[in-house]
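Here is a chain to read alongside its coordinates.

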Amino acid sequence: MWCSRMALRRLQQVAVTPLNMAGGLTSKVQREMSTLPRVYITRQIPPEGLKILRESGQVQFELWDSDDVPVPRKELLQKVKGVDGLVCVLTEKIDTELLDAAGPNLKVLSTMSVGFDHLSLEELKKRGIRVGYTPDVLTNSVAELTVALLLTTSRRLIEATHEAKTGGWGTWRTLWLCGHELAGSTVGILGLGRIGVAIAERLAPFKVKKFIYADVAPRPELASVINAEYDFLSVCCALTPETKEICNKDLFSKMKNTSIFINTSRGGVVNQEDLYEALSTGQIAGAGLDVTVPEPLPTSHPLFTLKNCVILPHIASASYATRNNMSALAANNLLLGLRGEPMIKELKL
């Protein structure tokens, strides 16, 4: 928690000195503000980011003032017309249609996410639009949630809670609701980046016997290096053309029937039909998913019918500290980009 507060203070300090508004807005100030870069924010982002933008005195911004419902596509296409900067989240598809609607004034895009599969990077590069994103600040929260999801799945906690609430808890039984332990196990990590390392660090005290890492440098043969030596597999790689549906029936067929599969990266790295088949036939023991395709996953989806599949609503980075840090970083990336300065975290297109 101390580290999170320190990180947030550093992000807050990057923001420029605010305007003194004590005496109200004079007509001169109003004229000056009307010439400031226009920014549209596609969601009601956490307060630290909005505070930085509001107090910077560098931009005039409008936002879709809701955190419950994404901005309708039709309205988004209207609102981005003529903007100089755009702050978005992962629910907004930034594609040719949107960039055409925005027009040539758009110079900076700041996404409040570590993933960028919702962005048409080639189009952004072609138009010379700089892109900021928010890695690093969510590493701890995602790693913590991954461990929590792994334990919840392997020790069948959701099933146990359901049995306790619905009258299934009878006399003590020797093998009822038995799960799989981390102690003495082999854990595979697909994607040994910041989050993958943080997951391994948190699992080590559970007396894991061995870790197996698969590098995530994009290459078509990535699937061939995945073997069946592990008891638990955690996926934390980026979604790219090379990793799309890399977790498929070929992978699941190589896993032990006692293996637990965990995905906190992007839903698109998994072929969900193959995963359902592997889970329903006992090819693998269980799966814990924080991400799916689509999101939200329809409640009628077959995966929801399985007792050995735990599905969360994409909450890996959902801590107050992390989301505020992401918001602050997204705001600072935008301001720095509009000033023509290096962003704190910029995608190199």
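The questions below go from the whole chain to single residues.

This is a predicted model, in which local features need pLDDT of at least 70 and side-chain atom pairs count only at pLDDT 80 or more, while totals for chains, interfaces and linings use all residues. Residues are numbered from 1 along each chain as its sequence is written, and side-chain values use heavy atoms, with hydrogens and water left out.

Student: What is the mean pLDDT of the protein chain?
Tutor: pLDDT is the predictor's confidence in each residue, from 0 to 100. In the protein chain, 86% of the residues reach 70 or more. Over residues 13-25 pLDDT stays under 50, and over residues 218-223 it also stays under 50. The mean for the chain is 89.

Student: How many helices and strands does the protein chain have, and what share of its residues is buried?
Tutor: Helices (H or I, at least four residues) and strands (E, at least two) are DSSP runs, numbered from the N terminus. By that count the chain has twelve helices and twelve strands. Buried means under 20% relative accessible area, exposed over 50% and partly exposed in between, with a 1.4 Å probe and protein chains only. Of the 349 residues, the buried share is 45%.

Student: Among contacts between residues at least 6 apart in sequence, what share joins residues at least 24 apart?
Tutor: Contact means heavy atoms within 4.5 Å. For the protein chain, the share of such contacts that joins residues at least 24 apart is 65%.

Student: Where in the chain do the partners of the F116 and Y133 aromatic pair lie, and what is the angle between their planes?
Tutor: Rings of Phe, Tyr and Trp (its six-membered ring) pair if their centres lie within 6.5 Å; planes under 30 degrees apart count as stacked, over 60 as edge-to-face and the rest as tilted. The whole structure has three aromatic pairs, and F116 and Y133 form one that is edge-to-face, 6.1 Å centre to centre. F116 is in the loop between β4 (108-111) and α6 (121-126), and Y133, 17 residues away, is in the loop between β5 (130-132) and α7 (139-154). The angle between the planes is 80°.

Student: Are F252 and F261 buried or exposed?
Tutor: These two residues form an edge-to-face aromatic pair, 5.4 Å centre to centre with 90° between the planes. F252 has a relative accessibility of 0%, and F261 has a relative accessible area of 0%. So F252 counts as buried, and F261 is likewise buried.

Student: On how wide an arc do the buried residues of α11 fall?
Tutor: The buried residues of α11 (residues 272-280) are Q272, D274, L275, A278 and L279. They pack against α10 (249-253), β9 (260-263), β10 (286-289) and β11 (309-311). The arc is that of the directions from the helix axis to the C-beta atoms. The buried residues of α11 line one face of the helix because, seen down its axis, they fall within an arc of 155°.

Student: Which residue with positive phi follows α11?
Tutor: At the start of α11, a side-chain oxygen of N271 reaches to within 3.1 Å of the backbone nitrogen of E273. After α11 comes a residue whose phi is positive, near 80°, and that residue is G282.

Student: Which residues does S66 contact, leaving aside neighbours within four places in sequence?
Tutor: S66 is found in the loop between β2 (60-63) and α4 (73-79). With a relative accessible area of 17%, S66 is buried. Its side chain reaches the backbone nitrogen of V69 at 3.2 Å, where a polar contact is a pair of N or O atoms within 3.5 Å; within protein, one must be able to donate a hydrogen and the other to accept it, and residues adjacent in sequence count only if both atoms are side-chain atoms. Beyond those neighbours, S66 is in contact with R43 and Q44.

Student: Which residues are joined by a cis peptide bond with omega of about 0°?
Tutor: Most residues other than glycine have a negative phi, and most peptide bonds are trans. A cis peptide bond joins V293 and P294, with omega about -5°, and P294 lies in the loop between β10 and β11. P296 is found in the loop between β10 and β11. The cis bond with omega of about 0° joins E295 and P296.
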